[in-house]
Amino acid sequence: MLYSQGVELESLGVPRADGGKVERDGRKIWRAFAERWFLFRGTPTRAWFEHSLHDVFGVRERIGPESADRIYDQIASCLAKPEFRPRALFERFNIEVLATTESPLDELPHHRKLKASGWRGRVITTYRPDPVVDPEFEGFAANVERLGALTSEDTASWAGYLSALAKRRAFFASMGATATDHGHPSAITADLSRADCERLFTGALKGTLSAAEAETFRGQMLTEMARMSLDDGLVMQIHPGACRNHNPHVFRTFGRDKGADIPMRTDFVHALKPLLDRFGNDRRLSIILFTLDETAYSRELAPLAGHYPCLKLGPAWWFFDSPEGMRLHRERIVETAGFYNTVGFNDDTRAFPSIPARHDVARRMDCAFLARLVAEHRLEEDEALEVAVDLAYRLAKRAYRL
């Protein structure tokens, strides 16, 4: 939001890829933010932020130039106290499970440390194989070589590569993982012959694949991941529909994931068909679909999830993790897929203090939707009460095998 209004990312402390100079004074950055707080009027960011300030940090005044220093000092004072340490907040927020996402190349030292600490909070990892299944990911060939070193497999061969991926999945499962996560540009899947797989894999390692071939390879890897899920029971999450790093200047200057990600159209009906033809009727497989293409809700996603036993729909995601986005999501999906082909609500915030806010917004919007169904005599009140608990808790726990 601030960048769209002409504020340089360097002035907000965002590190440059070249190590160039950026603002380091936290108070100065906060003042710049507070002066422009009005830009967030009407956005879910404002709702989440004010909820966090009020409920977590006890702030009782509006953000602005006059209040900036007082609020900064209040937050800083809170963060210095033991009750605001991450584990204390975890318990205060009544979090039952928190899942992180890591690359297969990550040896999970922090998860190891948590497991050895004796702390009772449940923090699990999630297997995110993008760096070793996407030929267009930076350093793909080197990543695959590293994968081989970690697993003692010959990842220059197709068979060794698949075996290495399966070994890392087993390691992640041993560290608590119940799910995999796939951030592919599209939902394309493939079911190719072994010879075609080997040809594409060779090209991927050499860096000679065309864009279309790279997309086909990623699609084949989604099918391979589904096959592995039948073996190890990990739930698949597929997050397509984001045109990532859309702004080349921001990407070159600051690196990936700096805000220039734009929703785009996504075809699920034809894209998922190769995978579904092979595994779609197997009740042992669980695939959770997310999308940034809201036009696909009622046209594609609800009918697919309303038919195939392996499919469930994730909550309104990212750009639609908002009051209006959640309302649209329920209105477009429930009539065809029902409530029980969805997974309720789970958030993917990077801002730890915002977790209660994100869930509170989702519960309010779901209850408002349920209240409307009751008022229109499409649902009995006792049924709505049961569905409210399902959406807030039981469905997500069941879907992620927790």
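**Working through the chain**

Tutor: Let me start in a loop, the one between helix H4 (86-92) and strand S1 (98-99), where Asn 94 is found. Please keep in mind throughout that this is a predicted model.

Student: Okay, and what is the phi of Asn 94?

Tutor: Asn 94 is not a glycine, and yet its phi is positive, at about 60°. As background, most residues other than glycine have a negative phi.

Student: Is Asn 94 buried or exposed?

Tutor: Asn 94 has a relative accessible area of 68%, and because the cut-off for exposed is over 50%, Asn 94 counts as exposed.

Student: Which other residue has a positive phi of about 60° although it is not a glycine?

Tutor: Asp 257 is one with that phi, and Asp 257 lies in the loop between helix H11 (248-254) and strand S6 (262-263). Its relative accessible area is 44%, so Asp 257 is classed as partly exposed.

Student: How many Å separate the C-alpha atoms of Ala 99 and Phe 33?

Tutor: Those two C-alpha atoms are separated by 30 Å, and the residues are 66 apart along the chain.

Student: Phe 33 is in H1, I think; which residues of H1 are buried?

Tutor: In helix H1, which covers residues 26-35, the buried residues are Ile 29, Trp 30, Ala 32, Phe 33 and Ala 34. They pack against helix H2 (44-55) and helix H3 (68-79).

Student: And what caps the N-terminal end of H1?

Tutor: Asp 25 does, with a side-chain oxygen that lies 3.0 Å from the backbone nitrogen of Arg 27.

Student: You mentioned H2. What is the relative accessible area of Ala 47?

Tutor: Ala 47 is found in helix H2, and its relative accessible area of 39% makes Ala 47 partly exposed. From Ala 47 to Lys 115 there are 68 residues in sequence, and the C-alpha to C-alpha separation is 35 Å in space.

Student: Changing topic: where is Ser 229, and what does its side chain reach?

Tutor: Ser 229 has its place in helix H10 (residues 211-232), and its side chain reaches the backbone oxygen of Leu 234 at 2.9 Å. Leu 234 is also in the contact list of Ser 229, along with Arg 169, Met 236 and Leu 285, if neighbours within four places in sequence are left aside.

Student: How accessible is Ser 229?

Tutor: Its relative accessible area is 1%, and since buried means under 20%, Ser 229 is buried.

Student: Let's zoom out. How many helices and strands does the chain have?

Tutor: The chain has 16 helices and eight strands. Its radius of gyration is 22 Å, close to the 21 Å that the globule rule gives for 402 residues, so the chain is as compact as a globular protein of that length.

Student: And what share of the residues counts as buried?

Tutor: Of the 402 residues, 47% count as buried. The chain exposes about 19900 Å², and carbon and sulfur atoms supply 52% of that area.

Student: Last one: how many positive and negative side chains are there?

Tutor: There are 55 positive and 57 negative side chains, and the centres of the two sets lie 3 Å apart.

Notes:
Residues numbered from 1 in each chain as written. Predicted model: local features only at pLDDT ≥ 70, side-chain atom pairs only at ≥ 80, totals over all residues. Heavy atoms only, no water. Helix = DSSP H or I, 4+ residues; strand = E, 2+ residues; numbered from the N terminus. Rg over C-alpha atoms; globule rule 2.2 N^0.38 Å. Buried < 20%, exposed > 50% of the residue type's maximum accessible area, 1.4 Å probe, protein only. Areas by Shrake-Rupley, 256 points an atom, 1.4 Å probe, with all protein chains shown as cover. Lys, Arg positive; Asp, Glu negative; His and termini not counted. Charge placed at Lys NZ, Arg CZ, Asp CG, Glu CD. Polar contact = N/O pair within 3.5 Å; in protein donor to acceptor, adjacent residues only side chain to side chain. Contact = heavy atoms within 4.5 Å.
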